[in-house]
Amino acid sequence: MTLPAMQYDRRETTAWITRPILVMAVVFATLPLWIETVGLYQYLGVEVLIWIVFALGFNLLLGYTGLPSFGHGAFFGIGAYAFGLAQFEVWANLWFCLAAAIVVTGAFGAVTALFLAHRRGIYFALMSIAFGQIFYFIASKWTDVTKGEDGLLNIARLPADFGVAEVSIQSNTALYYFCYAVMMVLIVLLWRLTNSPFGRTLRAIKQNETRVAFIGYPVRLYKWAAFTLSCGIAGLAGGLFAMAQEGAYINIMSLQWSGTIVLIVLIGGGFVSFWGPVLGVILYFVARDILGAYTEAWLLWFGLMFVVLVMFKPDGIAGMWRGWVAPRLRGRGATTPAPRPAESRS
Amino acid sequence: MALFEATHLHKRFGDQVVLEDISLAFEEGQVSGIMGPNGAGKTTCFNVLTGRYKPDRGRVTFDGEDITGVAPHRIVAKGISRSFQIMTLFDEFTALDNVVMALPSTRRRGFDGLHALDGDSAAQDRAAEIMGRVGLKGREGVNAKSLSYGERRALEIGVALATEPRLLFVDEPTAGLGTEATARLTDLMRELKRYTTIVVIEHDMRFLFALADKISVIHWGQVIAQGTPDELRANRWVRRSNIGELANA
């Protein structure tokens, strides 16, 4: 039988570093060495990493708390603007600007969440679209600050200052490794978070909000916190993206991109797996570049793939893995008996 | 003074009056029953008493403290818990984790985002003990959705118990259970009575008459009769209604 959503073996849920985390670490650490041999290019790696950060944070809402936010692109964009403005107006220091991106976006998220935290389902989704659109239009009209359609240009890839030494992240490869470090730290922290009492509470809210309230949890506060945190992570991704693109542009805040992140996470299997968003991002960007090389209409084929997947395997790629591959891997290694009853599966 | 008192509760939805001047009192250490035909307002009454709905008028006190309109999670923290008629388990969790989730010790560290909940063996031991109490020993690792109907009913009560309530509300616990399972549930409730005060909504008369110390009959949104099972059997109103026939059966 397929594992229930987000359920992992106790050996994994209690660990800081698990096998999938190691696989991630190795694959992405070596990626710049082989990405060009498979016909792709270095900058793609940077994009993939940034979107993984964004998608993992987004899935805290969608996959873990069951809150379908359709306006999340706005927060990604706010992060990019915040990074740029902090750099131009306040202090051109990498750590400061990234912190500003996280804090400012988190603050926007916190205020938005005040209006969303008591909603659920379709009402939550519609409200999140509304807020996303509000931020989009503010950003496009407030030209004094955001430079409107032109965007904030010439955002620098600031050097990483470690006190004793300053490391330039000017080149795509250097920027890649910086994003890689950020992503790995985030993955470890999110893995801990999602398996902590807090993460378990979010999963419970996804399954039955009323019940969670009636065993004594302040549900709204948890939803508010999850939304705020998710926006903070979107801001971090936005800040990195501003450096990658060397600018902050309005299009990223549009409804289309907000929809894209939902699509990516669903295709990857964010509903059932921690790793769903990662798989979704990889598939999306590889499909964009490989299908995109053959046809302008690659998004049509990607969209069709999405439709087929939703019809036949709504749990996404990670769902297939959990349904078909993981049980066989487990079966091969299942010589040790489960150390506690809760681990045996029915 | 009773542990829990509700006085002059009114509740309406739109122009439909569901509760009209309901007053109830539940004594500590007793099993109190609420019965009445379908649509009499029993479940609404429960929802008002446990904070799911706010009454339009009236007052609810617990241990002398006014808890009218207080949010459900705060009411739970004060020591009132409830089970649901429509089962509300966490289907993606194991049976044990359903109970772990409801423990006050888990709730207190609800904003701990760093340490593994699976590493909390004290909570697991405590949850396993509660599962034993509701007759689910050995089923800890089974996913909630794979449990049988009767087991899910028992787990529902286990989850409510895990919050360590002084007062436990149970909504139609026998719904859908066969005679054998109902008999087991009766034993379980008698056992639970030793630790906690219980209020049961039920329309299985035999179950309620066998269990409750005091019963309130609700009909048309009002309390039409109140008393011990014996008093109710003798009550003119109850005898005249079909409820009375069932009670004497």
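The model is predicted. In the contact between the chains, chain B gives 35 residues and chain A gives 31 residues. Strands S1 and S2 of chain B pair in the antiparallel sense, and helices H12 and H13 of chain A cross at roughly 110 degrees.

- On the side of chain B that touches chain A, the elements giving two or more residues are helix H2 (72-78), helix H3 (95-102) and helix H4 (104-108) of chain B.
- The residues on this side of chain B comprise 13 nonpolar, 13 polar and nine charged.

**Strand pair in chain B**
- Eight bridges join strand S1 (residues 4-13) of chain B to strand S2 (residues 16-26) of chain B.
- Across this pair, Val17(B) in S2(B) has Arg12(B) standing opposite.
- The hairpin of S1(B) and S2(B) has two residues between the strands, and Gly14(B) takes a positive phi near 60 degrees there.

**Helix pair in chain A**
- The axes of helix H12 (residues 255-268) of chain A and helix H13 (residues 276-294) of chain A come within 7 Å and cross at roughly 110 degrees.
- H12(A) is therefore roughly perpendicular to H13(A), because angles of 65 to 115 degrees count as roughly perpendicular.
- The crossing of H12(A) past H13(A) is right-handed.
- Ile264(A), Val265(A), Ile267(A) and Gly268(A) are the residues of H12(A) that meet H13(A), where their partners include Pro277(A), Leu279(A), Val281(A) and Tyr284(A).

Technical notes. Residues numbered from 1 in each chain as written. Chains lettered and ligands numbered in written order. Predicted model: local features only at pLDDT ≥ 70, side-chain atom pairs only at ≥ 80, totals over all residues. Contact = placed C-beta atoms within 7 Å. Helix = DSSP H or I, 4+ residues; strand = E, 2+ residues; numbered from the N terminus. Nonpolar A, V, L, I, M, F, W, Y, C, P; charged D, E, K, R; others polar. Pairing = 2+ DSSP bridges. Axes fitted to C-alpha atoms, helices over the stretch in contact; angles between N-to-C directions. Parallel < 35°, antiparallel > 145°, perpendicular 65-115°, else oblique. Left-handed = near helix turned anticlockwise from the far one by under 90°.
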